[in-house]
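Subject: The structure, and what turned up in it

Hi,

Here is the structure I promised to pass on.

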Amino acid sequence: MTLNKGCGNLLKGKYLIVLSLFLLVFNSQVYSQKIINVDSSLHSVLKHFSLFPTVSYPGDAVLVRSITDGVVEFNETKYRLAKKGAEYLAVLPISIDQQTGVQEVLLYPSELNDPPDSGKCQEYLSAKITIEEKAFSTQYLEVTEDQQAMIQNEEEIAKDRQKFLYSIANPTINALFTDSFIKPLDGRITTKFGFTRYINGVLDSRHMAIDIAAAEGTPIFAPNSGRVVLAEYLYLSGNRVIIDHGMGLFSSFSHLSALNVQAGDSVARGEILGNVGSTGFSTGPHLHHAIYVHGYSVNPEQFYSLMR
Ligand SMILES: [Zn+2]
């Protein structure tokens, strides 16, 4: 890990490369990105900026931990750290379409920097994560004609999508939880995250969630405390609940037999949201469970092992 100082981060992508080359050739003094001497108080910052895991996969999430407040940059997107207990955290989404290879994560500690809009050079720490390739399987699902007609109703599906996007449009910046995440129910995972799905032989979509089989009526628990941002019957999802946990983290629960909560409710970890059902587009009782990190669907299985 290194401590760097530079203005380069204010520019993006190819423009940065072009400009850097230009300045290297014509005036190496103008653009500088150098490792600076680290005084003793900053050694502790360096020591306490960590990524977990450092080897990740498309569709997973990475936890950033820091003892100092600040902003984290990954994939040209900046995420504010949120205070949780004595430390500051951010969860980074690794898109399922993320290119493999080594990626840099930058931390801009607030104590070292003027506000990002000040126009001044920003000091940052950097660390690397390696994204490795992951193979996702294919699932072939047979459904009735009525069900097939259902997934062709683009108007209703677009309405669902709008409601979903609206529900996650204003995430709470700070953590609404203090504990670890618990699984919403115990059960066998029948469809894993990231499966490519064919329905009646036709390519449908990627399964950006997990399906957990459980008997009709099995209670579904809130995996952590938060605020309910959606609790209603949607066309494909059936009875659905979405919880905002803060820090850009949302959990989603579909096909419930009935709803136990309302939009706007604060829920505690372990509170019953509803029960396993088969409402909406579903072939039998199960929980379709998704986790969203800053708008990206991530693998709930990996998320729970990361945030426990
Ligand atoms: Zn599902």
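Asn75 is partly exposed, because 13 other C-beta atoms lie within 10 Å of its own. On that scale a residue is buried with 20 or more other C-beta atoms within 10 Å, exposed with 12 or fewer, and partly exposed in between, the C-beta atoms being placed from the backbone.

Before going on, please bear in mind that this is a predicted model: local features need pLDDT of at least 70, side-chain atom pairs count only at pLDDT 80 or more, and totals for chains, interfaces and linings use all residues. Residue numbers start from 1 along each chain as its sequence is written.

Back to Asn75: although not a glycine, Asn75 has a positive phi of about 55 degrees. Where does Asn75 sit? Asn75 is in the loop between E6 and E7, a hairpin with two residues between the strands. (Helices, H or I with at least four residues, and strands, E with at least two, are DSSP runs numbered from the N terminus.) E6 and strand E7 (residues 77–80) run antiparallel and are joined by four bridges; two strands pair if DSSP finds at least two bridges between them. Val71 has Arg80 as its bridge partner in E7.

E6 (residues 70–74) also pairs with strand E10 (residues 101–109), again antiparallel and over four bridges. There, Gly70 has Pro109 as its bridge partner.

His255 lies in strand E20 (residues 249–256). Is His255 buried or exposed? His255 counts as buried, because it has 25 C-beta neighbours inside 10 Å.

The other spot is a cis peptide bond, from Phe52 to Pro53, with omega near -10 degrees. Pro53 is in the loop between strand E3 (50–52) and strand E4 (55–56).

**The sheet with E3 in it**

E3 belongs to an open sheet of four strands in the order E3-E5-E9-E8, with antiparallel pairing. Each of the edge strands, E3 and strand E8 (82–84), has a single partner strand, so one side of each is left without a neighbour in the sheet. On average, neighbouring strands here are turned by 35 degrees against each other, direction ignored. (Axes are lines fitted to C-alpha atoms, for helices over the stretch in contact, and angles run from 0 to 180 degrees between N-to-C directions.)

Inside this sheet, strand E5 (residues 61–66) and strand E9 (residues 87–93) run antiparallel, joined by six bridges. Arg65 has Leu89 as its bridge partner in E9.

Arg65 also comes up with His48: their C-alpha atoms are separated by 7.2 Å, with the two residues 17 apart along the chain. His48 is in the loop between helix H2 (40–47) and E3, and counts as partly exposed, with 13 C-beta neighbours inside 10 Å. Leaving aside neighbours within four places in sequence, His48 is in contact with Ser66 and Ile67, where contact means C-beta atoms, placed from the backbone, within 7 Å.

**The largest nonpolar core**

In soluble globular proteins, nonpolar side chains tend to be buried together. A nonpolar core here is a set of buried Ala, Val, Leu, Ile, Met, Phe, Trp, Tyr and Cys residues joined through C-beta atoms within 7 Å. Which of the 53 residues in the largest one touch the most other members? They are Ala61, Val72, Ala90, Leu92, Val241 and Ile243. Strand E23 (residues 286–293) gives the most to this core, with five residues. The core lies between domain 1 (2–131) and domain 2 (138–306), because both give residues to it; the domain bounds come from an automatic or database domain assignment.

Not counting residues up to four places away in sequence, Ala61 touches residues including Val91, Leu92, Ile94, Val293, Val298, Phe303 and Leu306.

**A second sheet, and the whole chain**

Three strands form an open sheet of mixed pairing, in the order E12-E14-E15. Strand E14 (residues 195–199) pairs with E15 in the antiparallel sense over four bridges, and Ile199 has Val202 as its bridge partner in E15.

Overall, the protein chain has five helices and 24 strands. Buried residues make up 31% of its 308 residues. Among contacts between residues at least 6 apart in sequence, 69% join residues at least 24 apart.

Cheers

Conventions:
Two residues are in contact if their C-beta atoms, placed from the backbone, lie within 7 Å.
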